[in-house]
Amino acid sequence: MKKLSFLMILLVAAVVMQAQIATNIYWVKFADKANSPYSIDNPEEFLSQRALERRARLNIAIDEYDIPVNPQYLQAVADCGAQLLNPSKWLNGVSIYTTSQSVVDAINALEFVDAVRNCPDFPEAQRDKEIWLANEMKESGKPVVYRDFYGGAHDQVYQLRANELHDMGYNGEGVVIAVLDGGFSGTEEATCFDNMRAEGRLLGVRDFVYGSTSVYSQSTHGTSCLSTMAAYDPNNMVGTAYKASYYLFHTEDGNGENIVEEFNWVSGAELADSLGVDVCSTSLGYIDFDMSQWDHAFSDFDGKTAPMTIGAEIAASRGMICMNSAGNEGGGNCTLGIPADAEHIITVGAVNASGQRASFSSVGPTYDGRIKPDVMAMGEGTYVASGYGSWWPYYNGDGTSFSCPVLAGAVACLRQARPNASVQEICDALRAAGNNVNNPDSYNGYGIPDFVAALGMVDVNEISIDNNEILSVFPNPSKGNVTVTLQEGAEINGITLYDITGKVLYNTANVNEIESAINNLKSGVYTVQVNSEKGNQVLKVVLTK
C-alpha cells in the first residue's frame with residue numbers, strides 16, 4: 001500500500017501545483033536524508049516492479065540516490081508557508097513557490113536546509129529560445145515523400161539502417177521510452193499516433209511545469225520529436241521505434257528560461273527511472289538564463305557541474321539510456337547546451353540526408369576535453385508530425401531536436417534486441433559503429449552509427465564453433481590497450497584476425513604477436529579465430545579508441 005501511495009504521489013502530486021510567476025520560484029537544497037522512512041532494503045516502496053527488474057537484469061544496486069526526499073523535510077518547508085513544486089531525490093531538494101521573504105528566511109533557518117536559491121525570470125533569454133524553437137519548427141525546403149512503408153521518414157530511418165532492425169523483428173516492442181520536452185500539443189489528435197493509442201502504448205503523462213493533468217499544450221515541439229519514433233502511418237510516416245511504449249513529460253517552460261527547468265527535468269528523469277523506463281529522449285538544452293547569475297560558463301561544461309548534467313549522469317547509472325540533442329548553436333568552441341556535456345549519455349548532432357553535418361549543429365569539446373557530440377543522425381530536413389491536425393500533418397524541419405529522437409528510437413530497437421547489455425556497452429557500440437570512428441572530432445563525433453553493425457558489436461562475449469575458451473582478450477570492449485591471454489596448457493596451431501568485412505588482417509601462432517596486432521588497430525569491431533589441439537574458438541573484439 002505504501003508503494004502504491006508513493007508512486008501515485010509521484011504521478012499526480014503536481015496536479016495541485018498551479019503555474020506561478022518564475023520570479024517567486026526557489027530551489028531548496030537539503031543537507032541530508034537522515035531519519036527517512038524509506039530504506040534501500042525495501043526498494044519496492046519507491047521503485048516499480050519494472051524498475052526493479054531492470055536493475056536486477058543489469059546488475060545495478062539500489063543506493064542512497066534512490067531514497068526519496070525525506071517527507072518530513074518537505075512537510076516542514078510547506079509548514080513555513082511555501083508551495084511545494086517538484087522534489088528531486090537525486091539532487092536532494094525541492095523547488096518551491098512563495099512571494100514572501102519571511103517564508104524564505106524561515107526555510108533557511110531549518111537545520112536540515114543547506115541552501116535556498118532564487119530562480120527569477122526575465123524576458124531576454126526567453127526571446128532567444130523562442131527564435132531557436134521557431135527555426136526548428138519552420139518548414140525546411142520542399143517536402144520529399146517516398147511512398148514506401150516509411151513515407152517521408154524514409155531517409156532518416158534508412159540512414160541508420162534501422163529499417164533492417166525492423167526487418168529482424170526489432171521495432172521497439174516491449175521497450176519503454178520517456179520523452180521529456182516543452183509540450184505535446186496535437187499529440188492527442190494526430191493520426192500517426194492512432195496505433196500507439198489503440199494498443200495502449202501511451203503509458204502516461206506528467207506536467208512538471210504547470211502541475212496540470214495534461215501535457216497537450218504550450219508547444220507542438222514534443223509532438224514533432226515524438227513522431228520521429230512513435231509515428232505509424234504506413235506510406236506517410238513511420239518512426240524508428242513504432243512499437244515502443246511511451247511516457248510524455250513536460251519539463252520545459254515556454255514562458256521563460258529559468259534554471260528551475262533543469263530541476264524539473266531531473267524530477268522527470270527520476271520518475272522515468274521509478275517507472276522502469278529504458279530510454280530517455282530529450283530535445284532540450286540550456287546555456288543562458290533570464291537571470292544571468294545562473295548562466296552556464298564554459299567551465300560548467302565539465303560533465304559534473306550543472307544540475308541537469310548531474311541528473312543525467314545519475315539517470316545513466318540507474319540503467320536508462322539517455323539521449324540528448326547537442327543544440328543548434330553552430331560551430332565554434334563548445335556551443336553545446338546542458339546536459340549535452342554529460343559523459344555517460346549519448347549527445348546527438350545533426351546531419352542532412354547525405355550525411356553532411358548541418359551548419360547549425362552544436363559542437364564540443366567539453367571543458368575537460370571530451371569529444372561531443374557522440375554521434376550524428378538526420379536533423380536537417382527531418383520528416384516530422386506538425387501537431388496542427390489533418391490540414392498540415394507533416395513537414396520537413398531542421399534541428400538537433402529531431403536528430404536526437406530519430407536516433408533514440410533506433411536505440412530502443414537495439415535495447416529490445418540486447419536487453420541484458422549495459423548502458424556503457426550500448427553507448428560504446430554506437431560510437432564504434434559510427435562512420436567517423438577512425439577520426440572522431442567535436443563537429444561530427446564518431447559519426448552516423450550503423451545500427452546493424454552496432455547490433456553485432458554488443459554481443460562481444462559470444463564464443464562460437466565448439467565453445468572452447470582457449471584465448472581471452474581483456475578488456476573487451478576496450479578504449480586502449482588489451483591483454484591477450486592463452487589458457488594454461490593450450491597449444492595454438494594458428495590465430496587469424498579479421499576486420500568486420502571478413503578481410504584477414506593478421507595470421508600467426510604467437511599470442512604476443514596477435515596482442516600487438518590488436519593494439520595497433522583503429523576503433524572498430526574485429527574477429528579473432530583460434531585453432532588449437534583442444535578445438536576452435538571465435539570471439540569478437542570491440543575497440544573504441
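Is Gln218 buried, partly exposed or exposed? Gln218 is partly exposed, because its relative accessible area is 32%; buried means under 20%, exposed over 50% and partly exposed in between, with a 1.4 Å probe and protein chains only. Here are some notes to go with the structure.

1. Ground rules. This is a predicted model, where local features need pLDDT of at least 70, side-chain atom pairs count only at pLDDT 80 or more, and totals for chains, interfaces and linings use all residues. Residues are numbered from 1 along each chain as its sequence is written, and side-chain values use heavy atoms, with hydrogens and water left out.

2. Back to Gln218. You'll find Gln218 in the loop between strand E6 and helix H9 (221–230). Helices (H or I, at least four residues) and strands (E, at least two) are DSSP runs, numbered from the N terminus. The phi of Gln218 is near 75°, a positive value in a residue other than glycine.

3. Another positive phi. Asn92, in the loop between E2 and E3, has a phi near 55°, and Asn92 is not a glycine either. Asn92 counts as buried because its relative accessible area is 8%.

4. Helix H3. This helix covers residues 71–79, and Tyr73, Leu74, Ala76 and Val77 are buried in it. Looking down the axis of H3, those buried residues fall within an arc of 160°, so they line one face of the helix; the arc is that of the directions from the helix axis to the C-beta atoms. As background, an α-helix has 3.6 residues a turn, so residues three or four places apart point the same way.

5. Around H3. The buried residues of H3 pack against strands E1 (25–30), E2 (83–88) and E3 (93–97), and against helix H4 (101–108). Contact here means heavy atoms within 4.5 Å. Just after H3, Gly81 has a positive phi of about 110°.

6. Arg201. Look in the loop between helix H8 (194–198) and strand E6 (202–207) for this one. Arg201 counts as buried because its relative accessibility is 6%. Its side chain reaches the backbone oxygen of Tyr242 at 3.3 Å. A polar contact is a pair of N or O atoms within 3.5 Å; within protein, one must be able to donate a hydrogen and the other to accept it, and residues adjacent in sequence count only if both atoms are side-chain atoms. Leaving out residues up to four places away in sequence, Arg201 touches Asn195, Met196, Tyr242, Lys243, Ala244, Ser245 and Tyr246.

7. Aromatic rings. Rings of Phe, Tyr and Trp (its six-membered ring) pair if their centres lie within 6.5 Å; planes under 30 degrees apart count as stacked, over 60 as edge-to-face and the rest as tilted. By this rule there are 17 aromatic pairs. In one of them, the rings of Trp391 and Trp392 have centres 6.0 Å apart and planes at 40°, so the pair is tilted. Trp391 is exposed at 65% relative accessible area, while Trp392 is partly exposed at 25%. Phe149, Tyr150, Tyr158, Tyr232 and Tyr242 form one aromatic cluster.

8. Cis prolines. The peptide bond from Gly364 to Pro365 is cis, with omega near 0°, and the bond from Lys372 to Pro373 is cis with omega near 0° too. Pro365 lies in the loop between E12 (346–351) and E13 (375–378), and Pro373 is in the loop between E12 and E13.
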